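Let's take a quick tour of a protein model. Have a look at the sequence and the 3D picture, then read on.

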Amino acid sequence: MKFMCGRKHKYGLNCQAVCDVRGRFLDMSIICGGASSDLVAFEGSDLKKLLDDGILARNLCLFGDNAYINSQYMVTPYPNTSGGARDNYNYFHSQLRIRIECAFGMFVQRWGMPRTAIPCKVSVPKTISLVLALAKLHNFCIDEAEVIPANLLSQDEQNITGNRNGSVPLVANPIIAEMINDNTTTPRDLMGGGEHFDDAPRHYRRPLHNDALSSRLCNHVESTFKTRPRRREP
């Protein structure tokens, strides 16, 4: 297992997760090091095996970014679009996909530990168990409609940013604010490290590829005359 993420220049683990519209984690998998691509990490997950066995109900699918590939249960955006039905489809796709960024933003805001370096004396299995446990507590807090007081957040932020081993900042994402009117900040430095195919060459990806579902959804966007909203003038 290789832990050094070349894109982020950090040691870590590749965390794969699925969430709902409220930011609750429906599945979380940590089985690969930070050097792994998202596609390889997903292919090795238990969720992938369940999806292959047909766990999803009819007319349901997952929305992923271009670190993944289109399949019978996963749809990704169309690359290099500039107008037309595919661009409109990409807009609504992004509105759904962006929820996972919000979920991770809420997650690390509620539990600051993932924003700092885990001590070396804590083993990898214990680190994985810690993150999975925090994810379950995260879901519990959402179910209970728990709200974090602002003064506690500011105290935690001082403790986190003052950590002698460094910390990862939470930054505002204007795309999230514009698309879903949400001001959730996200740990950008921890996200997107697996957006590459260095360990998944074309001959590996080709048998997995299936555009039928994404084409059907794009046709639905076009047939129902849904369009990307015009940008508001500043």
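This is a predicted model: local features need pLDDT of at least 70, side-chain atom pairs count only at pLDDT 80 or more; totals for chains, interfaces and linings use all residues.

Residues are numbered from 1 along each chain as its sequence is written, and side-chain values use heavy atoms, with hydrogens and water left out.

**Cysteines**
- A disulfide is a covalent bond between the sulfur atoms of two cysteines.
- Searching the whole structure turns up 0 disulfides (here, a pair of cysteine sulfur atoms within 2.5 Å).
- Cys-19 is in no disulfide, and its nearest cysteine sulfur, on Cys-102, sits 8.1 Å away.
- Cys-141 is in no disulfide either; for Cys-141 the nearest cysteine sulfur is that of Cys-19, 16 Å away.
- Cys-19 counts as buried because its relative accessibility is 17% (buried means under 20% relative accessible area, exposed over 50%, partly exposed in between, with a 1.4 Å probe and protein chains only).
- Cys-141 is buried too, at 12%.

**Thr-76**
- You'll find Thr-76 in the loop between strand 6 (74-75) and helix 3 (85-110); helices (H or I, at least four residues) and strands (E, at least two) are DSSP runs, numbered from the N terminus.
- With 4% relative accessibility, Thr-76 counts as buried.
- Beyond its neighbours within four places in sequence, Thr-76 is in contact with residues including Tyr-68, Tyr-89 and His-93 (contact means heavy atoms within 4.5 Å).

**Helix 3**
- Helix 3 has 26 residues and spans 39 Å from first C-alpha to last, close to the expected 38 Å (1.5 Å times one less than its number of residues).
- Helix 3 also has a kink of about 30°, centred on Gln-95; the bend at a residue is the angle between axes fitted to the seven residues ending there and the seven starting there.
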